[in-house]
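Thank you all for coming.

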Amino acid sequence: MSGQSIQASRLLSLDVFRGFIMVLLALEASGLYEHLQALTVEGTFMNILLDQFFHHPWHGLRFWDLIQPAFMYMAGIALAYSIHAQQLKGFTRLDSFYKTLRRCGWLFFWGVLDYAVRPHGLSFELWDVLTQLSFTILVAFLIFHWQVSYQIIFCIGILALTEGLYRFTNIPGFDLPFTDQQNFGNWMDMILMNKINQGGWVAINCLPTAVHTIAGALTGKLLMSKKDQSLRDVIIWSAVCLCLGYIVDLSGITPIIKRIATSSFTIVSLGWCLLFLAFFYWWIDIRDHRKYVRFFTIVGMNSLFIYLFFEIVGSRWFNGYITTIATGVLKWVSSPDWLSAIVSSLCIFGLEWGLCWWLWKRGVFFKV
């Protein structure tokens, strides 16, 4: 089946949204944002703008902090559409469970493999988005058929549990709930992996961020219901989450910290994900602006493949190889180092996009 015919049977706005996120991630993996930021002066408008393409160091929120929540939120929407398609094919709930469990197993495998090979040898780490996604998808599936109100209560319970674990466990050395390297998440990493991430990331983030995937599944069911007010409902929920999350942060109750996925961060980022989805759904599926989105859908329809490619192949070989070629060629015309770096990053991204295009033209789509 060709890429065009497959695309016609999907929620196009979801593929564009996913493709948009994957393009941003691929550009980041090519090193483009670092090269551009190196050209700016600290405190200038361009420097502040480019800061948005890097994670906030701790308490606060930047655009780049919304990338992983969007990834997990979209996985929930895709889950809803997948389960619906399985039901049309006559799958039982047990059949769907086995299929989802197998998928989560593969996601866990690829997530661990992504971080497994280090310069000093093999390593076991659980911080990769795919590893965490394997947990959140399974949780979202297990409660998929519950009533909406029960699923919302479940999400509130997850966030309350997370708050309790960080605030009240009082483990010596790890009893400061919102302090880097001294919180409950760091202690859990010592238990699970016997190491702490120096960047402050914690594996237990999979617990609160399950809310993103559950919310995505609820959004998917809402969109499939074809209610006239579905877009309005998404926007209302976005406003509720944004107001609630920022109030919790600004009131000093719980700070917005992406690296440990605090409850305020989870709620605020969910609000932004809902708003992004509302825009893409309105612009593409309602207003029918479909002419110039193929650039993103080509990547979005093979998101797992391109993510693993630039995370594993790109970072360990491809990026360096292409950079060496591009830099060497540009030296022939005495190109400045900053221009060579930017052109190299764009060449890396262009070749990766071209690979997705080649697969798309042949109807090859990697799934688990």
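Does Asn-194 count as buried or exposed? Before I answer, a word on conventions: this is a predicted model, in which local features need pLDDT of at least 70 and side-chain atom pairs count only at pLDDT 80 or more, while totals for chains, interfaces and linings use all residues. Residues are numbered from 1 along each chain as its sequence is written, and side-chain values use heavy atoms, with hydrogens and water left out.

Asn-194, then, counts as exposed, at 60% relative accessibility, where exposed means over 50% relative accessible area, buried under 20%, and partly exposed in between, with a 1.4 Å probe and protein chains only. Its phi is near 60°, a positive value in a residue other than glycine, and Asn-194 sits in the loop between H9 and helix H10 (210-224); helices here are DSSP runs of H or I with at least four residues, numbered from the N terminus. Gln-181 also has a positive phi, near 75°, and is likewise not a glycine. Gln-181 is placed in the loop between helix H8 (148-168) and helix H9 (184-193), and at 22% relative accessibility it counts as partly exposed.

Let me turn to the cysteines. A search of the whole structure finds zero disulfides, a disulfide being a pair of cysteine sulfur atoms within 2.5 Å.

Finally, the surface. Val-313, Trp-317, Tyr-321, Ile-325, Val-329, Trp-332 and Val-333 make up a nonpolar patch with about 780 Å² of accessible area together, the areas coming from the Shrake-Rupley method with a 1.4 Å probe, with only the protein chains shown as cover for residues. Patch members have over 30% relative accessible area and no salt bridge, with nonpolar side chains (Val, Leu, Ile, Met, Phe, Trp, Tyr) joined within 5 Å and like charges within 9 Å; a salt bridge is a side-chain nitrogen of Lys or Arg within 4 Å of a carboxyl oxygen of Asp or Glu.

Conventions: Helices (H or I, at least four residues) and strands (E, at least two) are DSSP runs, numbered from the N terminus.
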